[in-house]
Amino acid sequence: MTDTSAYIKIDNVSRHYGPVKALHNLSIDIAKHEFIAILGPSGSGKSTLLRLIAGLDRPSEGRIFFKGQDVTALPPHKRGIGMVFQEFLLFPHRTVRENLAFPLRMTQETPAKIKDRLDWAEGILSLNGLMDRYPNQLSGGQQQRVALGRGLVTNPTLLLLDEPLANLDRELRQEMEVEIRRYQKQLGIPFIYVTHNQEEALSMSDRVAVINKGKLEALGERQEIYDHPNTPFVARFVGRATRFDGVSDGTTVNIPEHGYTFSPSAPVAAGRVSVFVKNERFALGASGTPGIACKVIDVVLRGPFVEFILEAANKARIIAVQPKRPDMHAIGAEIALTWDANLAHIFPAEA
Amino acid sequence: MSEPNAAARKRVFLYIPTTFLVLFFVLPLVALVVLSFWQTANYKIVRDWTTLNYVTLATESAYIIFFLRSLLMAILVSVFLVVVAWPIAFFIVRFGGRYKLIFSLLLAVPFLSGEVLRLIALQGMLGPTGLINGALMRLGAAPLRFIMYSNSATFIAFVYLYLPMTVTTIYLSLLNFDLRLASAASACGAGRLRVFSEVIWPLNLSGTMIGFLLSFIPTLSASLAPRFLGGPNGTLYGMSMAQQFGESGTWALGAAMGVVLVLFSIAALVILSLGVNLRRTGFTGMER
Ligand SMILES: Nc1ncnc2c1ncn2[C@@H]1O[C@H](COP(=O)(O)OP(=O)(O)OP(=O)(O)O)[C@@H](O)[C@H]1O
Ligand SMILES: [Mg+2]
């Protein structure tokens, strides 16, 4: 007997397209109030997973349960979901009002109920004055809000979002991230949010599922995934990190290319290792102190942070991120690069 | 400097199609209209202004019957073609995969031979000793009378002649249609029928209308198909018109028939385009 008590249960699901394993043996349980991000590089199977949950596609193997009920064979319109697409996919021949009313008409709501829900959507998404326009008369951000509204008007069991912010500019994206997270908390239904942007995943979600080549690499609290990646892929993909090839003798790790040795807090199996250090966890010491001798070749200001582009003796480029301070290193400065040994992630080198 | 230049260039680009239209459409039409208000006597044109031709067409029962038969034929053929072409085009687009291009090229194959040739081939298929009836009789069955030199035979011929065209127009329309909109509708709770009626059909309506007109207009004025296959009771308007210009030598009456056909074709065009709100078929014109 499988335990089907989770609100949404994805149980050992695979989807193969001929020889292509778009998804392979993937299981995730999702709780009622959860905002879960599915994070992975392009082609990793994120959209495939979302299409399976929506019912737009059927798994080759495995089952999907909503509230304990097996929905694997149900068509999309019987699943009670809402969905927001990367390209918005608003109906071009319908006004905003009609787009929003569409899912309600499909579920045969009364005109009074439809009006009620349209007013709700208009208010919560600030669509005042836009209701009688056609989608091509809206800006990207407005279209995005309509798409979100169309996914939410029916009070769905869950909302699926496939990179809904990918087509928006940075400023608007950050604004919408906060909004979307607020809606989720307000509505109390799970949001499954697909993205290849790790910042987006980290800023919005409660938990992050990292997938790579159709396999689940990691699933956990966002802080946990960030601070304690369990695979080299996760260490590299979540957050900005720099990789070093090292050799471990059991207690200390040496990085031959830079001639730097450090002692991790926990013992590391002897042999060749990969060391990952998050870019903001580098420390820049005075030249001459122990560390990797580097020269600052450029300084990039990013709001409250500064990116130091460093060049080591062997010409390798390293990026270190620091909070902005008045007395920071200037271009051309010589420094010694170190890191807190406890915060480096060390894995046996991949073959 | 560039401003007047651009305006001039724009004007030139407008002149080119306008000149073409005037040369090849408006001028012949004017000639036809003028001729239709003259008379022909003993194979000669009499340049006296008269509306007699139109009176003849509106009162003589033979012409009225020919016309109604043509109109009914054109409507039936076009509706039938749209109904049949839709699923064909849809399946090519949806499931054709990498063979899509081959399928669409196959649709063009009949156009490689002329219309007369195709009609003669069809005559061979449908006639009394043709492929179908010949086989039936050899098997000891009675021949199908309704496909021998009848309006049914003409109907079959029109379907055969114009099916590739209708499929191609609907196919092109569907090819430009974003099928993911159908997924979006499903995700919004629409069942298959609603997905079709609310999203796929309206967004391909202009393509469908063009497909309809491209079979309606030539069927309305067709002369070859009924001549080869229509039999004694199968005379259509266009066929009768061709006879005015040929055997009977009553060119002016023929010209009047031509004008009637042009007017009805334009009427069909206007009715359909007024009936279709382009906005509601997803047509957005120049904006973005
Ligand atoms: N209909 C299909 N037929 C064959 N292969 C497919 C099909 N759909 C997806 N794939 C393959 O499955 C894999 C996963 O595709 P998917 O669209 O889920 O990726 P994704 O993670 O959403 O990528 P992106 O971030 O680029 O959208 C890809 O290798 C893709 O080529
Ligand atoms: Mg995708």
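Colleague: How do helix 5 and helix 7 of chain B pack, and at what angle?

Modeller: Two packed helices are described by the angle between their axes and the distance between the axes. Keep in mind that this is a predicted model. Here, helix 5 (residues 115-126) of chain B packs against helix 7 (residues 151-176) of chain B at an angle of about 135°, and their axes are 11 Å apart. Helix 5 of chain B is therefore oblique to helix 7 of chain B. The crossing of these two helices is right-handed.

Colleague: Thanks! What about helix 12 and helix 13 of chain B: at what angle do their axes cross?

Modeller: For helix 12 (residues 237-245) and helix 13 (residues 251-275) of chain B, the axes cross at roughly 150° and come within 7 Å. Angles over 145 degrees count as roughly antiparallel, so helix 12 of chain B is roughly antiparallel to helix 13 of chain B.

Colleague: Is that crossing left-handed or right-handed?

Modeller: The crossing of helix 12 and helix 13 of chain B is left-handed.

Colleague: Now for the pockets. What volume does the largest pocket have, and how many residues line it?

Modeller: Rolling a probe the size of a water molecule over the atoms shows where empty space is left. In this model, the largest pocket has a volume of about 1000 Å³. Its lining has 31 residues, and A:L56, B:R94, B:A182, B:S183 and B:S186 lie nearest the centre. In chain B, helix 3 (61-95), helix 8 (180-187) and helix 9 (192-203) each supply at least two lining residues. By class, the lining has 17 nonpolar, 6 polar and 8 charged residues.

Colleague: And which residues lie nearest the centre of the second largest pocket?

Modeller: Those are A:R170, A:Q198, A:E199, A:R240 and A:F305, out of 22 lining residues. The volume of this second largest pocket is about 860 Å³.

Colleague: Which helix gives the largest share of that lining?

Modeller: Helix 6 of chain A does, with 5 residues. Domain 1 (8-232) and domain 2 (240-348) of chain A each contribute at least three residues to the lining of the second largest pocket. Its residues divide into 6 nonpolar, 7 polar and 9 charged.

Methods
Residues are numbered from 1 along each chain as its sequence is written. Chains are lettered from A and ligands numbered from 1 in the order in which they are written. This is a predicted model: local features need pLDDT of at least 70, side-chain atom pairs count only at pLDDT 80 or more; totals for chains, interfaces and linings use all residues. Side-chain values use heavy atoms; hydrogens and water are left out. On a 1 Å grid over the protein atoms alone, a cavity is a set of points where a 1.4 Å probe fits but cannot get out, and a pocket is an open set with protein on both sides within 12 Å along at least five of seven lines; lining residues have an atom within 4 Å of a point. Grid points are joined across faces, edges and corners, and a volume is the space filled by probe spheres set on the points. Helices (H or I, at least four residues) and strands (E, at least two) are DSSP runs, numbered from the N terminus. Ala, Val, Leu, Ile, Met, Phe, Trp, Tyr, Cys and Pro count as nonpolar, Asp, Glu, Lys and Arg as charged, and the others, Gly among them, as polar. Domain bounds come from an automatic or database domain assignment. Axes are lines fitted to C-alpha atoms, for helices over the stretch in contact, and angles run from 0 to 180 degrees between N-to-C directions. Angles under 35 degrees count as roughly parallel, over 145 as roughly antiparallel, 65 to 115 as roughly perpendicular and the rest as oblique. A crossing is left-handed if the near helix is turned anticlockwise from the far one by less than a right angle, and right-handed if clockwise.
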